[in-house]
Amino acid sequence: MKSGKLYLVPTPIGNLGDMTLRGLETLKSATLIAAEDTRSARRLLKHFQIPCPALISYHKFSEKRRIPEIMAILEQGKDVAIISDAGSPGISDPAEIIVKAAIDEGVEVIALPGATAFVPALTASGLPCSSFLFLGFLPQKPKDRKQIMQRIVVSPDTVILYEAPHRVKKTLMELYKHLGKRQIVIARELSKIYEEYIRTDLGSLLEDYQVMEKGEFVILIEPCLKETVPDPGQLRYLVKDMLRSGKQASAILEELSSEYPRNQVYQIILSFKKPK
C-alpha cells in the first residue's frame, strides 16, 4: 500500500484572514492532525467550520513518542497534517523530528507556504533583505548564548531573532553589551491590531526604554559594518543599569570582566560610587 503524505500546514500568527485556501483544504482532508496546542487547533477548525478529525497533541515534549503513532497512520495510506500554535511548523516550533522520520521511511513531505513571522518583519524592517541569518530563540545556557552573540557581532547579514515579552529587555541589554549602538528593528504583534515597528539603535532604545512588553517579538539587527567602532558609552550604561538593579560592585566586576578590561570596569564602578 502506498503511504500517505505528511503535510506541514502554516496557521495564522494573528490575523485569521492569513489562512490560505490550500491550508484549509488540507486540514479538511487529513485523517489526522497533529497540533502543538490542541485547544488552539480546535478554535481554528471551529472558526473555519472544519469538522474536527482525529486530533493529537504534538509538541517539543512529545515529539519522539508521537512518531510511531503518526507513522502508523501514514503507513495505512492516510494523510497527516502538522500544525503549530501559530506560523510555519518547524520554524522555532516542533516538526523537525517527524519530518526526518518520514523522509527516512520514504514518506512524501509537503510543506505548504503561508504565515510566518520573520519574513514580513524582515521585508518591512528597512534593513538589508538580500541575505539574512535567522537564529530563532536564543539558547538559555550562558555558554551557548555567548557563542551565538559572537556570531551576531561579526555577521555580515541581517540577523533575525525571536523573543518572548518577559525576556525582551534582558536580551536587548545583552545585545547592547556586545554590539553597542548597532541599528535594530523590533517588530511586535505582527498581523494583529496593535502591530508595531520600532526602528532605532540599541543605545537610544535602552536610554529611553518604552517598549510595551506584550505579544510576540521579532528582533532584527543590522549587519556588521567594517567601519563599526565600539561605543564608548556602552560599558558605562551596563554598569549604571546593573548598579541601579541592586547588584553589588563585586558581582558586576566578576560578570563584566570576561568581556571588558577588569581595571576599566573597576574604574567605572568607582566613578558611580564617588560622592557627588
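Two strands count as paired if DSSP finds at least two bridges between them, and both helices (H or I, at least four residues) and strands (E, at least two) are DSSP runs, numbered from the N terminus. The model is predicted, with local features needing pLDDT of at least 70, side-chain atom pairs counting only at pLDDT 80 or more, and totals for chains, interfaces and linings using all residues. Residues are numbered from 1 along each chain as its sequence is written, and side-chain values use heavy atoms, with hydrogens and water left out.

**View 1. Strands E2 and E4 side by side.** Strand E2, residues 32-35, pairs with strand E4, residues 80-83, in the parallel sense over 4 bridges. Within this pairing, Ile33 has Ala81 in E4 as its bridge partner.

**View 2. The open sheet of 5 strands.** The strands of this sheet follow the order E3-E2-E4-E1-E5, and their pairing is parallel. At the edges lie strand E3 (54-57) and strand E5 (108-111), each of which pairs on one side only. From one strand to the next, the twist averages 20°.

View 3. Helix H2, residues 38-47, lies across E2, E3 and E4 and runs at about 145° to E3. Such angles run from 0 to 180 degrees between N-to-C directions, and axes are lines fitted to C-alpha atoms, for helices over the stretch in contact, where contact means heavy atoms within 4.5 Å. Helix H4, residues 96-104, also packs on the sheet, touching strand E1 (5-8), E4 and E5, and its direction makes about 155° with that of E1.

**View 4. The packing of helices H10 and H11.** Helix H10 (residues 249-256) packs with helix H11 (residues 262-273) at an angle of about 150°, and their axes are 9 Å apart. The two helices, H10 and H11, are therefore roughly antiparallel to each other, a term that applies to angles over 145 degrees. On the H10 side, Ala249, Ile252, Leu253, Glu254 and Leu256 meet Arg262, Val265, Tyr266, Ile269 and Lys273 of H11. The residues of this contact divide into 7 nonpolar, no polar and 3 charged, where Ala, Val, Leu, Ile, Met, Phe, Trp, Tyr, Cys and Pro count as nonpolar, Asp, Glu, Lys and Arg as charged, and the others, Gly among them, as polar.

**View 5. The setting of the close-ups.** The protein has 11 helices and 10 strands. Of its 276 residues, 47% count as buried, that is, under 20% relative accessible area with a 1.4 Å probe and protein chains only.

Note on methods. Angles under 35 degrees count as roughly parallel, over 145 as roughly antiparallel, 65 to 115 as roughly perpendicular and the rest as oblique. Buried means under 20% relative accessible area, exposed over 50%, partly exposed in between (1.4 Å probe, protein chains only).
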